[in-house]
Structure formats: C-alpha cells, structure tokens
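Take a look at the protein below.

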Amino acid sequence: MRILTKRLTNDTDLQWEANSEPDFSHYEIVGRETTAPAWTHSRRIERHTNYTVPNMSKDNFFFGVRAVDNRGHRSAVSYPRPLR
C-alpha cells in the first residue's frame, strides 16, 4: 500500500495492489487521528485499488486498507508507505 505525498492538499491519495483471493468481496479504508488509539473511520471501497480520502489530511490522520471476504471476514490492516 502506498500514500501519495506529491499533492499538498487536505485530501489523501492511497494506492494498493489488487487482492487475488477467490472469496474476496471488497476493501475498506480505515483512518484515525494521529492521537487516537483505534480506528474511528471506515469506508467501503468495492474493488478499486486506489482512493482519495476527502478532507482528511495525511498530516493529521493514519490510514490503512483491509480486504473483506464474502463472509465478512476482515484482513489485518495494511499501512501505507510514502510514494512521491
């Protein structure tokens, strides 16, 4: 997973590799303020492999992505590395 850092806006651009598991359903983007101990935001992202989180600055939030299977099981959260 990557976080694009070249755009200096309050939006956050994320990219990741596609999931190839046969029972894969969709992705979830999770986020939390840098001072929060747990994820406080979650968005369903279907099968896209990129997403721009509106109005959540990469300076103030941590982000991650997780895969969800057809039965609702969620993977561990993957954290982004910077991509310029």
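R2 counts as buried, because its relative accessibility is 15%. Buried here means under 20% relative accessible area, exposed means over 50%, and partly exposed lies in between, with a 1.4 Å probe and protein chains only. This is a predicted model, where local features need pLDDT of at least 70, side-chain atom pairs count only at pLDDT 80 or more, and totals for chains, interfaces and linings use all residues. Residues are numbered from 1 along each chain as its sequence is written, and side-chain values use heavy atoms, with hydrogens and water left out.

What surrounds R2? Leaving aside neighbours within four places in sequence, R2 is in contact with D13, L14, Q15, W16, E17, P80, R81 and L83. Contact means heavy atoms within 4.5 Å. The side chain of R2 also makes a polar contact with the side chain of E17, at 3.4 Å. A polar contact is a pair of N or O atoms within 3.5 Å; within protein, one must be able to donate a hydrogen and the other to accept it, and residues adjacent in sequence count only if both atoms are side-chain atoms.

Now step back to the strand. R2 has its place in strand β1. Strands (E, at least two residues) and helices (H or I, at least four) are DSSP runs, numbered from the N terminus. Strand β1 covers residues 2-4 and pairs with strand β2, residues 12-15, in the antiparallel sense over three bridges. Two strands pair if DSSP finds at least two bridges between them.

Four strands form it in the order β5-β2-β1-β7, and the pairing is mixed. β5 (50-53) and β7 (81-83) stand at the edges with a single partner strand each, so one side of each is left without a neighbour in the sheet. From one strand to the next, the twist averages 30°.

Finally, the whole protein. How many helices and strands does the protein have? There are zero helices and seven strands. The radius of gyration, taken over C-alpha atoms, is 13 Å. Buried residues make up 37% of the 84. Among contacts with a separation of 6 or more, 58% join residues 24 or more positions apart.

Note on methods: Axes are lines fitted to C-alpha atoms, for helices over the stretch in contact, and angles run from 0 to 180 degrees between N-to-C directions. The radius of gyration is taken over C-alpha atoms; the globule rule is 2.2 Å times the number of residues to the power 0.38.
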